[in-house]
Amino acid sequence: MSAVEYKMIIPDRWHIQYAQQVSEWIAAAIKKEIPMLPKKPEAVLDLFNQGFSVIAVEPSTGEMAAHVCLYPYCKAPIVEVGGAIRNPRNEFSGAAAVATVWAIKRARELFPERRIIAVANPVGAKALIEKHGGKILSHDELPHEAFELCGTCPRIAYKTLRQKCCDQPIDLSNSHLE
């Protein structure tokens, strides 16, 4: 998967610099038209405080290499693995893939009774299906809550989310993780 052996961190409120960095990376990705939902540092820090983020750190430098988070739905027995972002300087490092596997394991640990999903862009969906055995879901199989965060999506109007969402829902509940 990756030539580098990354160190996993479950960040907390003391990792403010990581929250700022994640927010900046997402903003830079959006400017490059990479499909992501914007996140302010405060929103990232809130995920940190709840234990819903996983960070891959380059052990030799201590530099953050990637971040993935969990979104447990309140109204449905689902947890979404998402927001995967990597250090822009490490384009083909595999750090985001490593952090995604850790996030799926974290979701299984924190929410063993819930269905684990991702709503991924085409590149991410392909990897989740081919590498981890994720199963394609239709948008109609997800509760409306799955689309509530999408109101900030720069690609589509909120009123047509379920019909026009260009990301692919993937069920990761029974995925295999290497």
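Which residue forms a salt bridge with Glu109, and how far apart are the closest N and O atoms? The partner is Arg106, and the closest N and O atoms of the two residues are 3.2 Å apart. This is a predicted model, and the paragraphs below go from the overall layout of the chain to the sheet, the helices, the cores and finally back to pairs of this kind.

The chain contains five helices and seven strands. Read from the N terminus on, these elements follow one another as β-α-α-β-β-β-α-β-α-β-α-β. Of the 178 residues in the chain, 47% are buried.

For strand 6, two bridges make an antiparallel pairing with strand 7, residues 168–171, and here Ile136 stands opposite Ile170 in strand 7.

The next topic is the interior. In soluble globular proteins, nonpolar side chains tend to be buried together. Here the largest nonpolar core has 28 residues, and the members that touch the most other members are Tyr6, Leu70, Val81 and Leu172. Strand 2, strand 3, strand 4, helix 3, strand 5 (115–120) and helix 4 each supply at least two residues of this core, while the largest share, seven residues, comes from helix 3. Apart from this core lies another, of 15 residues, which includes Met36, Val44, Phe48 and Val57. Tyr6 shows how one residue can reach other parts of the chain: leaving aside its neighbours within four places in sequence, Tyr6 is in contact with residues including Ala56, Val57, Pro59, Ala65, Val98 and Trp102.

What joins parts of the chain that are 59 residues apart in sequence? The structure holds one aromatic pair, and in this pair the rings of Phe52 and Phe111 have their centres 5.7 Å apart and their planes at 55°, so the pair counts as tilted. Phe52 lies in the loop between helix 2 and strand 2, whereas Phe111 lies in the loop between helix 3 and strand 5, so the pair ties together parts that are 59 residues apart in sequence. Phe52 is buried, with a relative accessible area of 12%, and Phe111 is buried too, with a relative accessible area of 11%.

Side chains of opposite charge can pair when their charged atoms come close. The structure holds five salt bridges, and the one between Glu109 and Arg106 lies within helix 3, residues 95–110, where the two residues, being three residues apart, are separated by about one helical turn. Glu109 counts as exposed because its relative accessibility is 56%, while Arg106 is buried, with a relative accessible area of 15%. A second example joins Glu130 to Lys126, with the closest N and O atoms 3.7 Å apart; these residues are four residues apart in helix 4, residues 122–132, and are therefore separated by about one helical turn. Glu130 is exposed, with a relative accessible area of 55%. Another salt bridge links Arg114 with Glu113, where the closest N and O atoms are 3.7 Å apart. Arg114 is partly exposed at 21% relative accessible area, whereas Glu113 is exposed at 57%.

Methods: Residues are numbered from 1 along each chain as its sequence is written. This is a predicted model: local features need pLDDT of at least 70, side-chain atom pairs count only at pLDDT 80 or more; totals for chains, interfaces and linings use all residues. Side-chain values use heavy atoms; hydrogens and water are left out. Two strands pair if DSSP finds at least two bridges between them. A salt bridge is a side-chain nitrogen of Lys or Arg within 4 Å of a carboxyl oxygen of Asp or Glu. Buried means under 20% relative accessible area, exposed over 50%, partly exposed in between (1.4 Å probe, protein chains only). A nonpolar core is a set of buried Ala, Val, Leu, Ile, Met, Phe, Trp, Tyr and Cys residues joined through side-chain atoms within 4.5 Å. Contact means heavy atoms within 4.5 Å. Rings of Phe, Tyr and Trp (its six-membered ring) pair if their centres lie within 6.5 Å; planes under 30 degrees apart count as stacked, over 60 as edge-to-face and the rest as tilted.
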